[in-house]
Amino acid sequence: MIRPNALTPKLALSFGALVAFGCLVPLIVEDYDSYQITVAFSYGIAILGLNILTGYNGQFSIGHSAFFAIGAYTAAIMVSHFGWHPYATLPFVAMAAFIVGFLFGFPALRLEGLYLALATFALAVATPQILKVDALEHWTGGVQGLFFDKPGALLGFSIDQSLYYVTWIVFVALMALTWALLHSRSGRAIMAIRDNPIAASTMGINTALYKTTTFGISAMFAGLGGAFFAFANAFVSPDTFNFFIAVYLLVGSVVGGIVSIPGALLGGLFYVFGQEYAEEVSNLSDLIPPPWVTFGIFLILMMYFAPFGIWGAIERGMARLKRVSSS
Amino acid sequence: MKLKRILLAAVAASVMSGGAAVADSTGITDTSIKIGNTNPYSGPASAYSVIGKAISAYFKEMNTKGGINGRTIEFISLDDGYSPPRTVQQVRKLVEKEKIAFLFQSLGTPTNSAIHKYMNQKKVPQLFVATGASKWGQPEKYPWTMGFQPTYDVEGEIYAKYVLDNVENPKIAVLFQNDDYGKDYRDGFLRGLGDKKDLIVSMLPYETTDPTVDSQILAMKDSGANVFVNISIPKFAAQAIRKSCEIDWKPLHLLNNVSSSVSATLKPAGLDCSEGLITAQWMKDPTDPQWAETDGFKEWSAWMDRNLPDADRGDVNYGLGYNVSKLLHHVLDNCEDMTRKGIMGCAANVKDLELPMVLPGILVNTSPTDFYPIQAAQLSKFDGQKWALFGDVIDASN
Amino acid sequence: MDLFLQLTLAGLAIGSIYACVALAVVMIYQATDHFNFAQGEMAMFSTFVAWAIFQSTGSIWLAFVLAVALSFVAGILIERIIVKPVESAPIFNQIIVFIGLLMIFNNLAGWFWEHTTKSLPSLFPEDMGFSSTLISSHNLGVIVFTLALLLVVFMFFKFTKVGLAMKAAAADPDSARLVGVSVGWMLALGWGLASAIGAVGGVLVAPIVFLEPNMMSGVLLYGFAGALLGGVNSPGGAVAGGLIVGVLENWARQYVPGGSELGLTFALVLIVGVLMFKPAGLFGRVVIKRV
C-alpha cells in the first residue's frame, strides 16, 4: 500500500460505514469494553502519526513515546493545575506536541536510518527521567504523577461512552485529514522524499522543510493520542511513558500496516486486544508459557503470514476476491 | 437454619436489586467468593510475582478442604506488568467483567495509586494492598482501601531515630530508587531527622533501568559519609553492598526491609560483606535457624512442602504471601456479614492477631480508624549468618 | 583524584560489558545489515543456561564454555528457522520479529528459572594475586577479556577466509553468491557468532549486576548507544563506543550538575551531539575505507 487509495464512491461509502459502525459499538457493549477500545483508539491515533512519519515519509522513529507523553502531560497539567476542561486542552496539546516534534526534526535531518533511530530512542529514554526531575515536580507531580477526573458524561451517555465518542470522532477526523494530506501536492512530496530523497530535492522539493514539518505533524498526532490516553485512565505518571511504549507503538504500526491509514486503527486494536487474547491463551493451561511469550509468537507469525500488516492482508484478500469474481 | 434463610433472601434481594449500595454482595454467594488480584508477572518487578503464586496456592489448598467460611474461593490474578495503565485495565476488567467481590493484595505503589480513586468510587474493597506507602491508611477519605505491611515512611523514621541516637557525628548518604516507593522511604527518613537534615552529605537516586549503582557508591564513599541508608530493591541493594565491600567503605549500613532477604540480597552480595548490616524487620526470615523450631515456621514449612515443593525457600515473599492469606482467611472466617461492606468492616476489626511468619511480639490490629494492620518492626543486625534481633519491638501505631 | 580514577575504571568495567553487547550488535549488523533488538535477552538467556550448568557441575569455566557453544548453535538455528522467512521482507518486519524474540526470551527465562535474583561466580577468582580498591579483579578481568575478544574478532574478519566471506555476503550478496559464497549460511554464522559474543557478555556481567530476567534491558540500551557512537561498521569502533558510554555516564552522574538525576539523558544527548558532527559514528568512516 504505497500510496493511499483515490477518492471513489466506494472509498467514501466504506469510510462512512466505518464511522457509523464505530458509533454503534458503545451502544452494544459494556462500559468496560468502551473504555478498552478508547485506549486502543488513543494508541491508534499515535500510530497514525507514526505511519505518516515512517511509512509515508521514511523517517524512522522509536521515540514516539516521548510525544505521547508530552501530549498526556500537557493535558494533565492544564486540567490539574489550571482547571481547564479536558477537551479544551486539545488544541494546546496539538500545538505543544507539534512544536517539539518540529524542533526535533531539525537535528533529525542530519541523521539517517539507524542513527535517527538512536536519536529518537534517546528522546524516549530521556522522557521519564525528565518528567521525574525534582525541579519540575510542582508541575509534573514528580514520581507520583498527576491525578484528575475523567471528562464528564455528555448528552446522556455514560462517562466511558462519552469519552469513546469524542476519541472516535477525533480519530476519524484525523484519518480523513491524513488522507487529504497524502493526496495533496504536499503528500506527493512527502512520499517522494521517502522513495528517493535525492531525486526529490533535485525536483525542487524543500526536503528539509517537509521532513521537519512531517515530524511535527507526526508528533502532534502522538501528542493527541497521549492526551486521550490520559483522559481514559484519569492519571499520568512518568514511568508509564517509557521506551517500551515507543516499541509497542512501532509494533502496532507494523502489524496494522505501516504504510496505510486504516492500519493505524487495526494496530491500536491489536495492541490492546492482542494482549488480552495472549493472556486468555496462556491461562488455558499451566503448560502454556506466559502471555508475553504467546504474544511474541503471535508477532512472529504475523510477520510470516501478513507481511504488509493486517490491512495489507485485507487489501490483498480483497484484490484476490475481485480477480476471482471477475475471471 | 432460619438465619441462613434470611441471609439467603437478603443476598437474593440485593443481587436482584442490582447491587444496591447497602448490601452489595457482588461476587459473593452462599457457596463461593470471587477474589481478584493484580501482580507483576512480567516486567521490572516480576520478582514479586511470587506473592501471587503463594496466595494462589493457599486458596487452592483451602478449596480442597471446604473453602473459607463455607465458600469456595475463585481467585483471579492478572498480570499488570507493574504498569499503572495496565493495572487500571485489569482491575476494571476484574470489577466490571469478572464481578469480583473485592481486590486482594494488589501489588505496587504506582499501580495501586492508579486505581485508588476508582475502587473507592465503585465501593469495592481494595484490601491489604502489597505496598508500604503511607497513603493506604485513610479510612475517612478512602474507606474502601486498606494497607497491610508496615509503611515505608515509618521504617524510614525508625532508621533516622536510630542514627540520631547511636551515631556521634553522623554524615549520612542516602541511595534511593527514583520512584514512588523510593521517595516515600526517603521522605520518611528525612522527616525522622527533623531539623537535622543537614547531616546528609550525599543523596543519590537510581533508576531500575540502570545496570549498576557502582558510581553512586563510589561517590558516597568520596563524600566522607559514615552512615549509609540503602533504599533499593534486592538486585541493587546487593550491588551496593558488594561494591562498598570492594572499595573498603564501611559505613553504618541501614538496609530497607524490602531487600533484607538473606537469599535474595545478602547471599549474592556476599555474606561476609553483609556483616553489620541493620534492618527493621517484621517477618521471620525463612533461612534463619532461630525460627526453625517455632510453630509458625513449621506450619509454613509444611505448607510449602505440600503446595510449592520446588520453590526457592529462601525467598521471603513466600512467607509474605502465606501471612497475608492467613490474615484474609481469619477475616473471612469470622465475618458474619458477607457483603462488600461487611467484609470491609470485618477487616477493620482485627484484634491482636498473630501470623505464623511474622516476628513474635508483632500483632495485627485494625479498627475503623486504624487501617494500618501491621505497624511495628524490630531492628536487627546481620551477624554473617542470620539477622540477630536487638532492642524492643518498635510500635508506631498511633 | 581517587574518586575520578575509580569512576573511570568502574566506567571502563561496565563499559566493557556494553562493548560486548555492542560488538554482538555490530557483528549481526555486519553480517545481516540489521539490528537485533533481541540481542540482550538472548544473552541473558544464555547466562541462565550457564547458571543452570554451573548448578549441576560446579565449574564456572565449564559452564561458560558450554553456554557460549550452545549459544553459537542456537544463534545459527534461530537465524535459519525464524529469521530466514523474513530475510527479504521490509526492514520493519524484521524488527518486529526481533521484538517478538525479545519478548519470548525474556518471559521464557522467567518461566523456566523464576524471577528472583541469582548470583553467578566470576570467571576471575579473587585470589589472582591482584587486589586493589581502585578496581576489583573481576572488573579488571572483564576489561582484559573484552579487549582480547575484540582482537580475536578483528583478526577473524581481517585474516580468515570465512571472515572475508561474511563481509562480502553482507556488503554485496549477489556478487558474493557469484563467487561461491553461501550467503544464507554466512548470515547464520553471523548470528551464531553474535549470540556467542552475547553469551560471553552475559557471563561477564552477571557477577556485577546479578542474574535475573531483566538483567540485560538496561545494558542493551547502552550497548546500542555505544555501537552507534563508535560506528556500526566497525568492531573496534563498537568496543570503543561501549567503553566511552560506560565512562561518560559515570562522569556525567558525578560531575555534571543535576547529573545524578539525568545521567543517562546527558550521556545520550552527548552521543546524539557527536552524531551530528560524525553521522556515521566516531570510527565509522575509517573502517568503510578499509573494506
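Chain C has a radius of gyration of 19 Å, in agreement with the value near 19 Å that a compact globule of 291 residues would have; the radius is taken over C-alpha atoms, and the globule rule is 2.2 Å times the number of residues to the power 0.38. The model is predicted, so that local features need pLDDT of at least 70 and side-chain atom pairs count only at pLDDT 80 or more, whereas totals for chains, interfaces and linings use all residues. Residues are numbered from 1 along each chain as its sequence is written, chains are lettered from A and ligands numbered from 1 in the order in which they are written, and side-chain values use heavy atoms, with hydrogens and water left out.

Along the principal axes, the C-alpha atoms of chain C fill a box of roughly 60 × 50 × 35 Å. The chain contains 12 helices and zero strands, helices (H or I, at least four residues) and strands (E, at least two) being DSSP runs numbered from the N terminus. Read along the sequence, the pattern is α-α-α-α-α-α-α-α-α-α-α-α. Of the 291 residues in chain C, 64% are buried; buried denotes under 20% relative accessible area, exposed over 50%, and partly exposed the range in between (1.4 Å probe, protein chains only). Among the contacts in chain C with a separation of 6 or more, 75% link residues 24 or more positions apart, a contact being defined by heavy atoms within 4.5 Å.

Chain C carries 12 positive and 13 negative side chains, and the centres of the two sets are 15 Å apart. In this count Lys and Arg are positive and Asp and Glu negative, with His and the chain ends not counted; each charge is placed at NZ of Lys, CZ of Arg, CG of Asp or CD of Glu.

The loop between helix H4 (91-113) and helix H5 (137-159) of chain C contains C:Glu114, a residue other than glycine with a positive phi near 65°. Most residues other than glycine have a negative phi. C:Glu114 counts as partly exposed because its relative accessibility is 21%. C:Thr116 belongs to the loop between H4 and H5 of chain C and is buried, with a relative accessible area of 8%. Apart from neighbours within four places in sequence, C:Thr116 is in contact with B:Asp312, B:Asp315, C:Leu211 and C:Glu212.

In chain B, a positive phi of about 50° is found at B:Phe128, which is not a glycine. B:Phe128 is located in the loop between strand E4 (126-127) and helix H5 (152-166) of chain B and counts as buried, at 0% relative accessibility.

Strand E6 (residues 200-206) of chain B has five of its seven residues buried. Strand E5 (residues 172-177) of chain B runs parallel to E6(B), the two being joined by six bridges; pairing requires that DSSP finds at least two bridges between two strands. B:Leu175 has B:Leu204 in E6(B) as its bridge partner.

Helix H9 (residues 262-269) of chain B is mostly covered, with seven of its eight residues buried, including B:Val262, B:Leu266 and B:Ala269. The buried residues of H9(B) pack against helix H8 (234-246), strand E8 (252-255), strand E10 (376-382) and strand E11 (387-389) of chain B. After H9(B) comes B:Gly270, with a positive phi near 115°.
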